[in-house]
Amino acid sequence: MDTPVDTLPIYENMAVISAQMLVAARNGNWDLLTLLESRSAQYLKQLKQSDGDGGAVETGIDNNDELRERKVAIIKKILADDRDIR
């Protein structure tokens with residue numbers, strides 16, 4: 001049986017990076033933006049791997065409405081930052 005994966009910390013790290021990416025884009029710091037995009041891609045790869053492991057179960061996330069709502073809020077923030085960057 002696969003080890004359960006808690007993806008919330010991954011999303012939280014991605015949110016921090018997306019905020020940094022937005023600042024870098026607003027400041028025209030394209031080198032930093034590129035570096036941060038690479039880091040974000042690494043976290044995205046981790047998410048895909050956790051989802052691709054036969055539907056890995058997240059520890060407590062799906063069974064807790066508060067944590068699920070937190071995860072959704074983080075995803076919405078990441079998407080909003082992405083829209084502003086573009």
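Is Arg68 buried, partly exposed or exposed? At 32% relative accessibility, Arg68 counts as partly exposed, where buried means under 20% relative accessible area, exposed over 50% and partly exposed in between (1.4 Å probe, protein chains only).

This is a predicted model, in which local features need pLDDT of at least 70, side-chain atom pairs count only at pLDDT 80 or more, and totals for chains, interfaces and linings use all residues. Residues are numbered from 1 along each chain as its sequence is written, and side-chain values use heavy atoms, with hydrogens and water left out.

**Overall architecture**

The protein chain contains three helices and zero strands, arranged along the sequence as α-α-α. Helices (H or I, at least four residues) and strands (E, at least two) are DSSP runs, numbered from the N terminus. Of the 86 residues in the protein chain, 29% count as buried. The accessible surface of the protein chain is about 5,900 Å², and carbon and sulfur atoms hold 50% of that area; the areas come from the Shrake-Rupley method with a 1.4 Å probe. Contact denotes heavy atoms within 4.5 Å. Among contacts between residues at least 6 apart in sequence, 73% join residues at least 24 apart.

**Packing of helix 1 and helix 3**

Two packed helices are described by the angle between their axes and the distance between the axes. The axes of helix 1 (residues 8–26) and helix 3 (residues 65–85) come within 9 Å and cross at roughly 20°. These axes are lines fitted to C-alpha atoms over the stretch in contact, with angles running from 0 to 180 degrees between N-to-C directions. Helix 1 and helix 3 are therefore roughly parallel to each other, a term for angles under 35 degrees. Residues making the contact include Leu8, Tyr11 and Ser18 of helix 1 and Leu67, Ile78 and Ile85 of helix 3. By class, the contact has 13 nonpolar, one polar and seven charged residues; Ala, Val, Leu, Ile, Met, Phe, Trp, Tyr, Cys and Pro count as nonpolar, Asp, Glu, Lys and Arg as charged, and the others, Gly among them, as polar.

**Two individual residues**

| Residue | Relative accessible area |
|---|---|
| Ser18 | 6% |
| Arg68 | 32% |

Ser18 lies in helix 1 and is buried. Not counting residues up to four places away in sequence, Ser18 touches Lys77, Ile78, Asp81 and Ile85. Arg68 is placed in helix 3. The C-alpha atoms of Arg68 and Leu8 are 8.9 Å apart in space, while the two residues are 60 apart in sequence.

Note on methods
Parallel < 35°, antiparallel > 145°, perpendicular 65-115°, else oblique.
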